[in-house]
Amino acid sequence: MTLRKLPNYLRRYRKRARLSQDELAFLLGSSSGAKVSRYERFKRIPALETALACEAIFGVPARELFAGIFQKVERSTTRRARLLARRLSARQAQPLMAEKLSRLRRFLPS
Amino acid sequence: MLAIDPTSRGFGFAILEGPEILIDWGVKQTRVRKNPRCLKQVQELIERYEPEMIVVEDCAAKGSRRCLRVRNLIQSIRVLAANRRIRTRCFSRLRVRQVFSEQDARTKHEIATAIARQLPELRPHLPSFRKPWMSEDERMAIFDAMAFALTYYRLADLRQTTPSAQGLPLTIHAT
């Protein structure tokens, strides 16, 4: 069983970097720390630009910083990939289709 | 895991995802209606982090010098955890000292220093050595909470690696 991750670990990395919410907000281009507080309380999901800015600030990959969100996205994508693989395999066999299927199966967890 | 150590003005807490992964830590303070407010803040932490386990001090253990209010607060935290189907573990101060004596840490300050060595993010919060005429630094509650959490991990680790440790007389009360 996979360990359930928190939506994000911003608070952990911010505290480790000894930054205040206001300081991090400034680095992210926000006017106040309120937005950072909302991210840390999991009340708001940051935009892609913010996520990438966090990666640049803390030097931690976004998939680790936003581990819970990544886990959720990965799960739903895997589910859709499985569905697509099933749909494709039901169609007539073509060389291109076989390549697509093998690609999809490589992506799917065994 | 959520580790809590009540103080005279509130409580110190630590959220961990393993013995070396510290997620959040801090001190919550209140001056009036201490227990209801502390309980509300504990509830907020539980809602935010959804811990699988809460670790607190065993006030019923021999030698515990906790006042009635703190005993009641710890009991309320345990009830709150039970209502949310969260496991609770209690460790006596003596048990914590026994565990940390492996690292040659016997006093409260030595234990806090050992924790700060293990988790560098806590190093800036380590209070200076307390002289007899000084009152305790509020941040010591973070290290006390951490000590309970690390005691749990150490004992769990011992139970897994040493089969003979399973028979150890542990002062753990589970709910």
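## A tour of chains A and B

Select Glu23(A): this residue is partly exposed, because 14 other C-beta atoms lie within 10 Å, and a residue needs 20 or more to count as buried. Bear in mind from here on that the model is predicted.

**Around Glu23(A).** Show the helix that holds this residue. Glu23(A) belongs to α2 of chain A, residues 21-28.

**Where the chains touch.** Show both chains. Nine residues of chain A and six residues of chain B make the contact. What kinds of residue does chain A bring to the side that touches chain B? Six are charged, three are nonpolar and none is polar.

**Strand β1 of chain B.** Select residues 2-6 of chain B. This is β1(B), and five of its five residues are buried. Turn on the side chains. Leu2(B), Ile4(B) and Pro6(B) point one way. Ala3(B) and Asp5(B) point the other way. In a regular strand, side chains alternate between the two faces of the sheet.

Which strands does β1(B) pair with?

- Select residues 10-16 of chain B for β2(B). Five bridges join this strand to β1(B), and the two run antiparallel. They form a hairpin, with three residues between them.
- Select residues 53-57 of chain B for β4(B). Two bridges join this strand to β1(B), and here the pair runs parallel.

Centre on Leu2(B). Its bridge partner in β2(B) is Ile15(B). In β4(B), its bridge partner is Ile54(B).

**A helix pair in chain B.** Select residues 34-49 for α1(B) and residues 68-83 for α2(B). The helices pack at an angle of about 30 degrees, with their axes 10 Å apart. The crossing is right-handed. Now show the side chains in the contact. From α1(B), pick Lys34(B), Asn35(B), Cys38(B), Leu39(B), Val42(B) and Gln43(B). From α2(B), pick Arg69(B), Asn72(B), Leu73(B), Ser76(B), Ile77(B) and Leu80(B). Colour them by type: six are nonpolar, four polar and two charged.

Technical notes
Residues numbered from 1 in each chain as written. Chains lettered and ligands numbered in written order. Predicted model: local features only at pLDDT ≥ 70, side-chain atom pairs only at ≥ 80, totals over all residues. Contact = placed C-beta atoms within 7 Å. Nonpolar A, V, L, I, M, F, W, Y, C, P; charged D, E, K, R; others polar. Buried ≥ 20, exposed ≤ 12 C-beta atoms within 10 Å, placed from the backbone. Helix = DSSP H or I, 4+ residues; strand = E, 2+ residues; numbered from the N terminus. Pairing = 2+ DSSP bridges. Axes fitted to C-alpha atoms, helices over the stretch in contact; angles between N-to-C directions. Left-handed = near helix turned anticlockwise from the far one by under 90°.
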